[in-house]
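User: Please examine the structure below and answer some questions about its fold, its surface and its confidence scores.

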Amino acid sequence: MPGILDRIKQYSRTPQGRRTIATARRTAADPRKRAQARAWLSRLRRR
């Protein structure tokens with residue numbers, strides 16, 4: 001049974017995985033989305 005990292009590597013090589021990675025990179029490059037992510041993480045860390 002393949003490990004979780006092997007499964008992630010397999011998925012990232014598929015066309016759907018490549019689209020997901022491209023979407024994540026575009027989202028990470030957006031300053032507004034980056035600020036939203038920071039705010040969300042800070043709320044999680046406070047708990």
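The questions and answers that follow concern this predicted model.

User: What box do the C-alpha atoms of the protein fill?
Analyst: The box is taken along the principal axes. Its dimensions are roughly 35 × 25 × 10 Å.

User: What percentage of the residues count as buried?
Analyst: A residue counts as buried under 20% relative accessible area. The protein has 47 residues. The accessible surface comes to about 4,700 Å², with 56% of this area belonging to carbon and sulfur atoms. The share of residues that count as buried is 2%.

User: Is Leu5 buried or exposed?
Analyst: Leu5 has its place in helix H1, which spans residues 4-12. The cut-off for an exposed residue is over 50% relative accessible area. Because its relative accessibility is 61%, Leu5 counts as exposed.

User: Which residues make the nonpolar surface patch of about 340 Å²?
Analyst: Leu5, a residue of helix H1, is one of the members of this patch. Patch residues need over 30% relative accessible area, and Leu5 has 61%. The patch is made by Ile4, Leu5 and Ile8.

User: How far apart in space are Leu5 and Ala22, C-alpha to C-alpha?
Analyst: In sequence, Leu5 and Ala22 are 17 residues apart. In space, their C-alpha atoms are separated by 19 Å.

User: Is Pro31 buried or exposed?
Analyst: Pro31 lies in helix H3. Its C-alpha is 16 Å from that of Ser42, a residue 11 positions away in sequence. Since a value over 50% is required and Pro31 reaches 60% relative accessibility, Pro31 counts as exposed.

User: Which element has the highest mean pLDDT?
Analyst: The protein averages a pLDDT of 93, and 98% of the residues score at least 70. Among the elements, helix H3 (residues 31-46) has the lowest mean, 94. The highest mean, 96, belongs to helix H2 (residues 15-29).

Conventions
Residues are numbered from 1 along each chain as its sequence is written. This is a predicted model: local features need pLDDT of at least 70, side-chain atom pairs count only at pLDDT 80 or more; totals for chains, interfaces and linings use all residues. Side-chain values use heavy atoms; hydrogens and water are left out. Buried means under 20% relative accessible area, exposed over 50%, partly exposed in between (1.4 Å probe, protein chains only). Accessible areas come from the Shrake-Rupley method with a 1.4 Å probe; for residues, only the protein chains shown count as cover. Patches are made of residues with over 30% relative accessible area and no salt bridge: like charges are joined within 9 Å, nonpolar side chains (Val, Leu, Ile, Met, Phe, Trp, Tyr) within 5 Å. A salt bridge is a side-chain nitrogen of Lys or Arg within 4 Å of a carboxyl oxygen of Asp or Glu. Helices (H or I, at least four residues) and strands (E, at least two) are DSSP runs, numbered from the N terminus. pLDDT is the predictor's confidence in each residue, from 0 to 100.
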